[in-house]
Amino acid sequence: MKYIFLHIGKTAGTSFRYFLIQNIPKAFHGYEALPELPLHPDKVSAELIRRFAPLFEHYDCFSAHIGYGLHQYLPQGTPYTYLTLLRAPVDRTISTYRYGIQRGWINPEQDILT
């Protein structure tokens, strides 16, 4: 069995990714490589499929901040299962806000309503 993990930000996806690393020997975390794949059926080309085929054949799990559709690039006949984590919307929003403060993207001292 092969897996595609759709990592949605601020849903404990990093913790789950570590779980995948420990339990799937050939896991790929393509935060750099996979974003160049256009995840729309009209943009799929034979050249892209050929270019990424060795990557897809070698790994048993793909983890990235991507949307649904990676299976279109995979060799036909290979069964893939999609995985993702969801989080309560309010909790996720609070987590995103705190993350923005930690990264310096949000200044909590600044009045955001004006």
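Author: One term before we start: two residues are in contact here when they have heavy atoms within 4.5 Å of each other. Keep in mind, too, that this is a predicted model. Among the contacts in the protein chain with a separation of 6 or more, 71% are between residues 24 or more positions apart. The part I'd pick to follow this up is strand 1, residues 2–6.

Here's the setting. The chain has three helices and four strands, and from the N terminus on they run β-α-β-α-β-β-α. Of the 114 residues in the protein chain, 28% are buried. In strand 1, four of the five residues are buried, so this strand is largely enclosed by the rest of the structure.

What does strand 1 pair with? Strand 3 is one partner, in the parallel sense, over four bridges. Strand 4, residues 80–84, is another: it also runs parallel to strand 1, and five bridges join the two.

Now look at strand 3 itself, residues 61–64. Cys 61 and Ser 63 point one way, Phe 62 and Ala 64 point the other way, and all four are buried.

The largest nonpolar core has 13 residues, and the ones touching the most other members are Ile 4, Phe 56, Phe 62, Ile 66, Leu 70 and Leu 74. Strand 1, helix 2 and strand 3 are the elements that give two or more residues to this core. Helix 2 gives the most, with three. Away from this core there is a second, separate one of five residues, including Phe 5, Ile 24, Ala 27 and Cys 61.

Leaving aside neighbours within four places in sequence, it is in contact with Ile 4, Phe 56, Phe 62 and Tyr 80. Leu 74 also leads us to Glu 57: these two are 17 residues apart along the chain, and their C-alpha atoms are separated by 8.0 Å. Glu 57 is found in helix 2 and is exposed, with a relative accessible area of 52%. Not counting residues up to four places away in sequence, Glu 57 touches Pro 75 and Lys 2.

What does Lys 2 form with Asp 60? A salt bridge, with the closest N and O atoms 3.8 Å apart, and the structure holds one such bridge. The pair links distant parts of the chain, 58 residues apart: Lys 2 sits in strand 1, and Asp 60 in the loop between helix 2 (46–58) and strand 3. Side chains of opposite charge can pair when their charged atoms come close. Asp 60, at 21%, is partly exposed; the cut-off for buried is under 20%.

In helix 1, residues 13–23, Gly 13, Arg 17 and Leu 20 are buried. Seen down the helix axis, these buried residues fall within an arc of 55 degrees, so they line one face. Ser 15 and Gln 22, on the other side of helix 1, are exposed.

Helix 3, residues 89–103, reaches 21 Å from first C-alpha to last over its 15 residues, close to the 21 Å expected at 1.5 Å a residue. Ser 95 lies within helix 3 and is buried at 17% relative accessible area. Leaving out residues up to four places away in sequence, Ser 95 touches Lys 10 and Arg 87. After helix 3 comes Gly 104, with a positive phi near 85 degrees.

How values were computed
Residues numbered from 1 in each chain as written. Predicted model: local features only at pLDDT ≥ 70, side-chain atom pairs only at ≥ 80, totals over all residues. Heavy atoms only, no water. Buried < 20%, exposed > 50% of the residue type's maximum accessible area, 1.4 Å probe, protein only. Pairing = 2+ DSSP bridges. Expected span 1.5 Å × (residues − 1). Salt bridge = Lys/Arg side-chain N within 4 Å of Asp/Glu carboxyl O. Arc of directions from axis to C-beta. Core = buried A, V, L, I, M, F, W, Y, C linked by side-chain atoms within 4.5 Å.
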